[in-house]
Amino acid sequence: MHKFLLSLSLLILIQCGKDLTPFGGSPEVSPIPIRTKPEWPTNDWKESSPESVGISSSRLKLVGDYAFLRTGDDTDRKGRRTDGLVIIRNGKIILEQYARNFTKDTLHLTWSVSKSIIQTLYGISIKNELLKLDDPGYYHFEALGIDESHKKITIRHLLNMSSGLDAEEGYESGPLKSSVIAMLYTRGRKDMATFCSSLPLRAEPGTQVYYSSCDTNILSAILKNIYGKDAYNDLPFTQLFAPLGIKNATFEQDGSGTFVGSSYLYLTARDLAKIGYLYLNDGIWENTRLLPEGWVGFTMTPAPGYKTTPYSSDLSKDNYTAHWYANTGVPDRGVPEPWPDAPKDTFAASGHWGQMLFVIPSLDIVIVRYGDDREKAFDKNEFLKLVKESVIR
């Protein structure tokens with residue numbers, strides 16, 4: 001009965017348009033439950049048979065078969081190409097498999113999954129009252145204040161990929177058209193955040209969602225100014241990785257000493273799963289709250305800018321939130337769930353060429369998939385459908 005009343009109350013709040021988290025937004029799914037006695041993999045993950053945690057071994061095998069079935073030319077890097085897969089349920093590893101000389105100890109490039117780790121560092125920093133979500137960015141990064149129009153860009157806008165900066169994310173379009181290529185490899189690489197801050201606006205800040213690595217690297221530079229160079233260099237390692245027991249990670253910096261938060265974090269699959277497990281437990285680790293209350297709800301809520309973003313079919317590919325992705329759809333815009341056969345409360349971090357971190361609270365599951373897909377042959381919805389179908393109880 002109490003579950004029904006909770007759901008009813010949640011529905012009323014949503015219909016009234018009231019915020020369900022202190023960070024704003026009304027998630028379309030219930031808040032993350034706080035587990036009373038979770039398994040903590042700080043030293044290492046425990047392993048378990050699938051059946052002992054309510055998973056069918058035979059159906060779980062289908063998940064692995066799908067992930068590791070090569071469907072294209074390996075020489076030309078075509079088709080479906082999985083490097084590693086780790087699935088956690090009830091805090092235990094139930095499937096772990098690798099290919100192409102990768103192992104459980106191999107650091108793998110996460111590409112844009114690193115954006116979600118930058119968001120995690122913001123959660124920690126906001127909890128520690130070092131900044132506020134609605135601070136104008138130029139308060140903490142002078143380059144954003146040179147143009148008056150840029151002074152409207154807030155931390156929230158940057159996290160929601162709604163800065164309005166006229167970036168171009170196409171990796172394959174070349175450095176003359178692509179600002180992300182120019183930022184990473186040519187004229188912007190010595191100071192990526194300053195380069196990005198010099199771009200003109202394409203839209204009023206907060207009104208248009210456009211996925212942009214520039215927004216992330218500006219966020220990364222803001223953290224450097226807030227903490228100071230020495231503390232900033234230690235920030236991900238001491239404030240996030242150390243509490244989770246992550247002992248081996250590589251995070252590259254640009255020429256100005258700013259972490260390339262958009263792209264260049266390397267983690268093992270097991271350690272990336274710990275990031276997902278932190279979110280599965282509402283930002284709590286070893287009974288200590290690392291992320292502020294409501295941060296995971298904020299993480300699961302599609303960016304408000306979707307309501308005014310010009311409609312295109314691309315909007316249905318992902319439901320971008322705050323440097324993560326949701327599976328709720330955006331009903332106001334007629335945007336469906338990107339993974340309709342997965343539980344609606346699924347949320348994810350995602351990176352170039354098939355890097356994936358899925359968190360599924362209703363199933364108590366965390367998934368890491370590393371890959372090298374050049375043709376997007378790995379179907380996330382089909383994969384998540386197989387995972388869901390493996391659950392017995």
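Predicted model: local features only at pLDDT ≥ 70, side-chain atom pairs only at ≥ 80, totals over all residues.
Is Tyr279 buried or exposed?

1. Tyr279 counts as buried, because its relative accessibility is 0% and buried means under 20%. Trp324 also counts as buried, at 0% relative accessibility.

2. The rings of Tyr279 and Trp324 form a tilted pair, with centres 4.4 Å apart and planes at 40 degrees. Tyr279 belongs to helix α9, whereas Trp324 sits in the loop between β9 (319-320) and β10 (325-326), so the pair ties together parts that are 45 residues apart in sequence.

3. A further tilted aromatic pair consists of Phe378 and Phe383, at 5.1 Å centre to centre and 50 degrees between the planes. Both of these residues, Phe378 and Phe383, are buried. Over the face of Tyr66 lies Arg80, 3.8 Å from the ring centre.

4. The largest nonpolar core has 84 residues, and those touching the most other members are Tyr122, Ile218, Leu240, Leu272, Ile275 and Trp295. Helix α9 (residues 269-280) supplies the largest share of this core, eight residues. A second, separate core has 35 residues, including Val63 and Phe358.

5. Not counting residues up to four places away in sequence, Ile275 touches Ile117, Thr120, Leu240, Leu244, Ile246 and Leu357.

6. Arg59, in helix α2 (residues 57-68), is partly exposed, with a relative accessible area of 40%. Arg59 touches Glu389 and Ser390, not counting residues up to four places away in sequence. The C-alpha atoms of Arg59 and Ile392 are separated by 9.7 Å, although these residues are 333 residues apart along the chain.

Key. Residues numbered from 1 in each chain as written. Heavy atoms only, no water. Core = buried A, V, L, I, M, F, W, Y, C linked by side-chain atoms within 4.5 Å. Buried < 20%, exposed > 50% of the residue type's maximum accessible area, 1.4 Å probe, protein only. Helix = DSSP H or I, 4+ residues; strand = E, 2+ residues; numbered from the N terminus. Contact = heavy atoms within 4.5 Å. Phe/Tyr/Trp six-rings, centres within 6.5 Å; stacked < 30°, edge-to-face > 60°. Lys NZ or Arg CZ within 6 Å of the ring centre and 35° of its normal.
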